[in-house]
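Hi everyone, thanks for coming. Let me put the sequence and the model up on the screen, and then we'll walk through a few spots together.

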Number of protein chains: 2
Amino acid sequence: MAETPDHPAGSSSPSKYHNFDVDYVIHYKLPTSPSESAKAEAAFSQLIHVLAKAGFATEVRPGKQGSNSLLVFVKLASLPLLQSQVYRSRIQDWLYGVRTAAPNPTNLPLSRYFDSEPVTEAERLRLAYLLITKTKNENGAGVTPKIGTWKYVESIFPLHDRKFNRQWITEWSTKYVLDEEDLTKIRDKFGERVAFYFAFLQSYFKFLLFPAAFGSAAWLLLGGFSWFYAAVNCLWSVIFFEHWKMKEVDLAVQWGVRGVGKIQLPRPQFQFERESLDPVTGEIVKVYSPYKRLARQALQVPFAIACVVVLGNLIVSCFAIEIFINEVYIGLFKQYLTFLPTILLTIFMPTFTTLLTKLAEKLTDLENYETVDAHQDSFVQKIFVLNFITSYLGIFLTAFVYVPFGKILVPYLDVFSMTAQKFTTEGKPLPTQVWQINPDRLKKQVIYFTVTAQIVNFATEVIVPYAKRKAFKTVEKVQALSEKNEEGLLKDSPDEAAFLKRVRNEAELADYDVTIDYREMVIQFGYLSLFSVVWPLTACSFLINNWVEARSDAMKIAVNSKRPIPWRADSIGPWLNSLGFLSWLGSLTSAALVFLFNTNKSGPDGSPWEISAWALLLSILFSEHLYLVVQFVVRGVLAKLDSPGLQKERAERFAMRKLLLEQMIEHDVLSAEAGKGAPGLLGSGEIITREALEEEARSLATVGPEKLFWQRQRGPDEAVHIGRALIAEIATANQTKARR
Amino acid sequence: MAETPDHPAGSSSPSKYHNFDVDYVIHYKLPTSPSESAKAEAAFSQLIHVLAKAGFATEVRPGKQGSNSLLVFVKLASLPLLQSQVYRSRIQDWLYGVRTAAPNPTNLPLSRYFDSEPVTEAERLRLAYLLITKTKNENGAGVTPKIGTWKYVESIFPLHDRKFNRQWITEWSTKYVLDEEDLTKIRDKFGERVAFYFAFLQSYFKFLLFPAAFGSAAWLLLGGFSWFYAAVNCLWSVIFFEHWKMKEVDLAVQWGVRGVGKIQLPRPQFQFERESLDPVTGEIVKVYSPYKRLARQALQVPFAIACVVVLGNLIVSCFAIEIFINEVYIGLFKQYLTFLPTILLTIFMPTFTTLLTKLAEKLTDLENYETVDAHQDSFVQKIFVLNFITSYLGIFLTAFVYVPFGKILVPYLDVFSMTAQKFTTEGKPLPTQVWQINPDRLKKQVIYFTVTAQIVNFATEVIVPYAKRKAFKTVEKVQALSEKNEEGLLKDSPDEAAFLKRVRNEAELADYDVTIDYREMVIQFGYLSLFSVVWPLTACSFLINNWVEARSDAMKIAVNSKRPIPWRADSIGPWLNSLGFLSWLGSLTSAALVFLFNTNKSGPDGSPWEISAWALLLSILFSEHLYLVVQFVVRGVLAKLDSPGLQKERAERFAMRKLLLEQMIEHDVLSAEAGKGAPGLLGSGEIITREALEEEARSLATVGPEKLFWQRQRGPDEAVHIGRALIAEIATANQTKARR
């Protein structure tokens, strides 16, 4: 169904690219302790039965050797079941306004309807997953991985389409620009949620061309801290942001998912306090006190403070040590001590970040949301705060604390010299140099974050997992060789051996989480918007990085991750707000940076000495409001542009209206016939006969004053006649008056 | 139909409250010059014929004596025509998402459908008006008042329902608070556009209770310029604004008009450059170059500058003269000269405002919008700028120029003394006093605008037009008496005399323009948000004013205006943005006012001498961003509340889904039957017979590898069996490993 077999049946290697029509694989991990084994076995047979009841065919195979796991292969058993699911889902879409027209408006037989609007692979997989996870009340199997009865269900995942993946990676690595068609392919395979990420990435990549070119020119001609560059950069970020908002809607319409955000998936982890009857619909709804949730949401404030305190302290400490060592200290081991802050950061930053991310997860779980989206939004908010601090706080400190207040603060670094003195055996003071603000520091830092960090990030994201897997595999192979003799029932049928090997590998891969990729791009956009005025080449670096990023993300999905479940989405979700926030904040920081560092005003050593606070504040205030005005204007102009998506929507609505109006013509014909019953009101140019007049006189005797009023002039001709007489009368009266 | 006759047919005074089923009256003005008379006559007979063709019954009567006009009474001739119009309109609503469900979903016969969802008076009148004004291509009559062929059509208006009006005014003048039912009545009579105004007024009135109470307390305990009052006031304005945004949606849903903004009325004055084919729908569309329009819209900038220059100069001049006379000059005629600035303002301000409003109208016409709403939006934008300047500029000048910079600026007022000196015959200098900043000035000005001006406004809005009409009538009566003898064809039938007299009076009334009432309320809200920190009693004054305002506006509609055409609306339109803008600006001005005038910091004479610019800017910056954060939070909290409108929508959607699912059960039954065709995949607990096995072996020989894969375990029981075996195997392997 989903796959067309590309080898004739019975050929020698049918399973090289072949998925045997499997919709999902359920990775069932068995516990090692014998006490739990019985429970796991009972849960397993329950699993197979609920799946069968929900309409799935199942096949069981052993998992990877030594992994103590089973693989349950699952597919929708019958075509009519699939069709019924699809039809229901399309009806729901239509009710929520996601589709303009009802499915099958002309009431074709179902089979012919599905020929005209076929089921895509993503749709099939999405509905199959929903059917596996939906509760039994909703006719699903109610299997929720890792929760409750199903705690041994390690994961439920669809299988990669190897042939497609191979083609995909080959194609993308040989072309410069991705087009709509590439995105559509992604959408059909991995669903709109993943496709939206690539669409965003692509749109951002294209938009980067301008600041890359302009930034290079500015770097050559204007240098850093140019107000002109800052203004253009802000304008660009406004246009990019507003354009993406439009593009997002446009894509959603084109992909037929506009408004799917309204169809919420219930979150299986949600714990309700009580059940109550919905006063409106009479359905039973699960309720969790919103006040309790609000109270728990309030924990976000201490969480944010904790992030600032923990990460802030780390950054400030390393910062202080670094300044002390690099710019004050000139004693022993300086060349080694220079690396101390970097080492500290490299050790502690990921540790703290991981801890805080765990904490954020816990907090979000505690908030106990009813829907997956609400949960996700709340989590994204928290990690945005976290990443904002880890990514930007260092630069903020340099720009807005170190440079303006350095002269005041650095003497306090003597704490270090005093401490250091205690460790020197000899009684003489440590050698230190007279300190001066290092104006290049900020630039170096920005370059570090926008170039070095991006490369490091690429390495940790793609190369490390790949290398890890390779290493693991070698170890496993050695192990497997030594254990080979023990194989018993675990032997695979030769037809399936290659396929099963592939599936076992996929089961070990990580889940693909698009959030991480979004986070990376949004944080990157932040550097551009907030700090690129320091080093205008920023966008060039990002342009190159993002070309690689798109390909490496594709690789990550195709090779390093399980195939994602093809969820739908109608936007990039909560990241949109983060983008808007960063774009706005950019107007503040750019103005402040230009004001503080523009060399025209700065002292002889390049540091800005003559800062007047009110002028700084005024420039920030001015810049921010200019930004808001520009945003308003850009939004207004962009709203007037047409787009393929909107055209599509218009066309659909028009087709729908035409269909309905055609149906209405029958109504009108009927109405017109019914209308003939009403006597003497419409008929123009009716002949007045004696009979008619008599009839009228008779009827007048019995009717009320309304009828009388309306029958003084019978038909338009009489009305015109009387009207003309009146006009003549008035004209005569006027002339008489004029003559007098 | 629309009216139920409340007097039995043939009673003595059937027409006292009776409108003879008239839908619309067309007031047809005849030209006085004989040369044009023929044209007018031709157009008149064309008028009657196009109306008849569009399905209207017509009756002609003479207009008011000496007014050279005819009255054409119009009603929809047949019930089926009305029903067909209503049905079409409801279909359109549904297509645009205004209605959740299609009209008549269960396919009742039309007559029974209209029993279940009857046609309201407002609906009937709206559709009748549309049918009169729609082009002939759309089966309308194409009559557009005052334009082209129809330049003699002075107006098209529905008739007041006297009985309802009388009851309405009586009821409202005796109750304190209007409820939902009152609004629903307004809605059914005058349409949603007018109802929204009263809903807004009512909501605003209720919200005013809090600042009125709190303001009184603050006035007693804290005095003016309290930062605490300012903070609470800002918070209040945020909550009010966000609440109204929710309420607006809620009402729109309750009234079934949510999203009607998407159904745009074409503007008859629109002039197209060329016709072209819509690439999407294939319809002919009229096109006007958007670039041309953009160029013309750019004229708004010089317009705004012109407003600022003209009105600003006037205000500044009067302001300067006033300060000079009141606070510097102590010479002759001081008691009379004091009134000079007021007189100047009273003469020139309305003149300039009228001129600039005319200019705004011209500009908006020039922008040549395609739809009525776009035109209206653009016009409202312009008059908001105009009114912003006339209303607030004076106070801004006092607060932010006169007080902080007075000491620097006032010496320049010597220009006046020098000029004045020339006019004194004696050579000695004019007597002047030493000038000091008058700290009460700002408060006096705010009180003037929030109390005195509101009363004056009430008088000009209600009392003046009423008095005017009374005076006119007396004059007319005298004239009529002297001309009585000339009456000829103009004699009315006694049955209709009273009715016609009433209609002739209504024809002379002004059109009701809800924009003017909105403007008044929005500007009032501005005083509260921007300046009430100066005088915390502001809200008390407004509370009283608005109680009267609601009643006087009702009076204005019922007595002083033609009955408005019952247009629909789903919001208060462009005024919402104005409200948001004023609320936001309030956070800036309040912070600045508190900072500048708070007596704790001010000098001994009550004027703030020790102003540090950076602290002022910082407090403004802080206040603004606090405002934005609070707005964000309030919006988030309010979005979580339920409301009757949203409940209604949910209920409708639920009913719809239920209906569809019931219809789908048939589908499912069919599907299940079809599903039985698929062999051996779903059947759980199938008995394995020899025949079945043989059959299977035969089929296996011919099928591809997929089938083979899925038929290794036949049915769930076998899968469970194999799975258990695997589990046992693994457990054994584990135990063996553990033992070794």
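Before going on, some housekeeping. This is a predicted model, where local features need pLDDT of at least 70 and side-chain atom pairs count only at pLDDT 80 or more, while totals for chains, interfaces and linings use all residues. Residues are numbered from 1 along each chain as its sequence is written, chains are lettered from A and ligands numbered from 1 in the order in which they are written, and side-chain values use heavy atoms, leaving out hydrogens and water.

Back to strand E3 of chain A, residues 69-76. Helices (H or I, at least four residues) and strands (E, at least two) are DSSP runs, numbered from the N terminus. Two strands pair if DSSP finds at least two bridges between them. E3(A) pairs antiparallel with strand E1 (residues 24-29) over six bridges, and also antiparallel with strand E2 (residues 56-62) over seven bridges.

Is E3(A) mostly covered or uncovered? Mostly covered: eight of its eight residues are buried. Buried means under 20% relative accessible area, exposed over 50%, and partly exposed in between, with a 1.4 Å probe and protein chains only. Ser69(A), Leu71(A), Phe73(A) and Lys75(A) point one way, and Leu70(A), Val72(A), Val74(A) and Leu76(A) the other.

Now for rings. Rings of Phe, Tyr and Trp (its six-membered ring) pair if their centres lie within 6.5 Å; planes under 30 degrees apart are stacked, over 60 edge-to-face, and the rest tilted. The whole structure has 95 aromatic pairs over all chains. One of them is Trp94(A) with Trp94(B), edge-to-face at 6.4 Å centre to centre, with 90 degrees between the planes. This pair crosses between chains, linking helix H2 (residues 79-95) of chain A to helix H2 (residues 79-95) of chain B. Both tryptophans, Trp94(A) and Trp94(B), are buried.

In chain B, Arg441(B) lies over the face of Tyr402(B), at 5.3 Å from the ring centre.

Key. Lys NZ or Arg CZ within 6 Å of the ring centre and 35° of its normal.
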